[in-house]
Amino acid sequence: MKIKSIMNKFGKFLDATGLFAKRLVVFILLLVLIGAIFSSGPKDQEIFDGSILSLDLQGYLVEEKTQSEFEAAFAEFSGELTNETLVSDVINAIEMAKDDESISFLLLEMDDFLGGSPTKLQNIADAIRDFKESEKKVIAYSGYGYSTPQYYLASLADEVHMHDYAAIVITGYRSYRTYYKSFFDKFYIDSNVFKVGEFKAFVEPYFRDSMSDESKNNLIEWISVLWSSYLEEVASAREIEIETLEKYIQSLDEVADESNGDLAIASLDMGLIDKLINKREFRDYLYSLAPGE
């Protein structure tokens, strides 16, 4: 009996030791991971006079990220990282560059930028305009071409550069919804909607398979306002006629024919960009502006 009691206590000791060892290993791994995250963060570097702040916009503009820093670290290891850029981070960086006497240029890099809502883009556009009041230059570059949101910001630059094999493709604004009526009918699902007044488009997907005329007119009205604002602001920033910009956007086939199928040349001839240049040449151009010490 005494031996049995001793072995029982010894077994509990081994179990406790094993549990402690497992938790210790997990704790050490977490410490290593946290250390790697902090050690990979930005380090203070000397900023030389005449430097260029590279604003490399990633993914979509958001007010708040959908993943915490801890979640993003694990997502990056698994290849599931959601590329997002905080609007506040972009604006703060631009304001810092405006007040920093060592920085003479702001570079807008657009290759990985996916856009954002019009209000978010306008907030950043206001920050870029404010930066230009410091008499510092803004340069935009894309190696893949410019989309609708990319070109909106790029048009504000003093110099708009693009790879000679790329093109500007502006598709404008659109809105679409998913409708469920046929799906509900197949499974005999009823939807009871109570509404007052007209133009209650929010509930349409539950009892229609398509957009109503009233909803279409409503969307067309506010999208037209946004689109008109886009054309006016871009044309004003590039100092070109709105008709020129509209021709490039709406008659792309005609524009392509006039430039022998080269949209890059067409965008240059119509004043949408300032220079066609490949990445190596553009890098050399940046070195000529800010050679460092």
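## Salt bridges and their setting

Guide: The chain has eleven helices and eight strands, where helices (H or I, at least four residues) and strands (E, at least two) are DSSP runs numbered from the N terminus. The model is predicted, so local features need pLDDT of at least 70 and side-chain atom pairs count only at pLDDT 80 or more, while totals for chains, interfaces and linings use all residues. Residues are numbered from 1 along each chain as its sequence is written, and side-chain values use heavy atoms, with hydrogens and water left out.

Side chains of opposite charge can pair when their charged atoms come close. A salt bridge here is a side-chain nitrogen of Lys or Arg within 4 Å of a carboxyl oxygen of Asp or Glu, and the count by this rule is eleven. One of them pairs Lys98 with Asp130, with 3.0 Å between the closest N and O atoms. Lys98 belongs to helix 3 (residues 87–99) and Asp130 to helix 4 (residues 118–132), so this pair ties together parts 32 residues apart in sequence. Lys98 is partly exposed at 24% relative accessible area, and Asp130 is also partly exposed, at 29%. On this scale buried means under 20% relative accessible area, exposed over 50%, and partly exposed in between (1.4 Å probe, protein chains only).

Glu233 and Arg129 form another bridge, their closest N and O atoms being 3.2 Å apart. That pair links distant parts of the chain, from Glu233 in helix 7 to Arg129 in helix 4, 104 residues apart. Both ends are partly exposed: Glu233 at 22% and Arg129 at 31%.

The bridge between Arg280 and Asp284, at 3.7 Å between the closest N and O atoms, is a local one: the two residues are four apart in helix 11 (residues 279–289), or about one helical turn. Arg280 has a relative accessible area of 49% and Asp284 one of 35%. Through salt bridges that share partners, Asp126, Arg129 and Glu233 join into one network.

Helix 7 (residues 213–238), which carries Glu233, also packs on helix 8 (residues 242–250), at an angle of about 115° and with the axes 9 Å apart. Axes are lines fitted to C-alpha atoms, for helices over the stretch in contact, with angles from 0 to 180 degrees between N-to-C directions. In this packing Trp227, Leu231, Glu232, Val234 and Ala235 of helix 7 meet Ile242, Leu245, Glu246 and Ile249 of helix 8, contact meaning heavy atoms within 4.5 Å. The residues of this contact divide into seven nonpolar, no polar and two charged; Ala, Val, Leu, Ile, Met, Phe, Trp, Tyr, Cys and Pro count as nonpolar, Asp, Glu, Lys and Arg as charged, and the others, Gly among them, as polar.

Leu245 of helix 8 returns in the largest nonpolar core, where it is one of those that touch the most other members out of 54 residues, together with Ile94, Ile124, Tyr146, Leu153 and Ile168. Such a core is a set of buried Ala, Val, Leu, Ile, Met, Phe, Trp, Tyr and Cys residues joined through side-chain atoms within 4.5 Å. Across the chain, buried residues make up 36% of 293.
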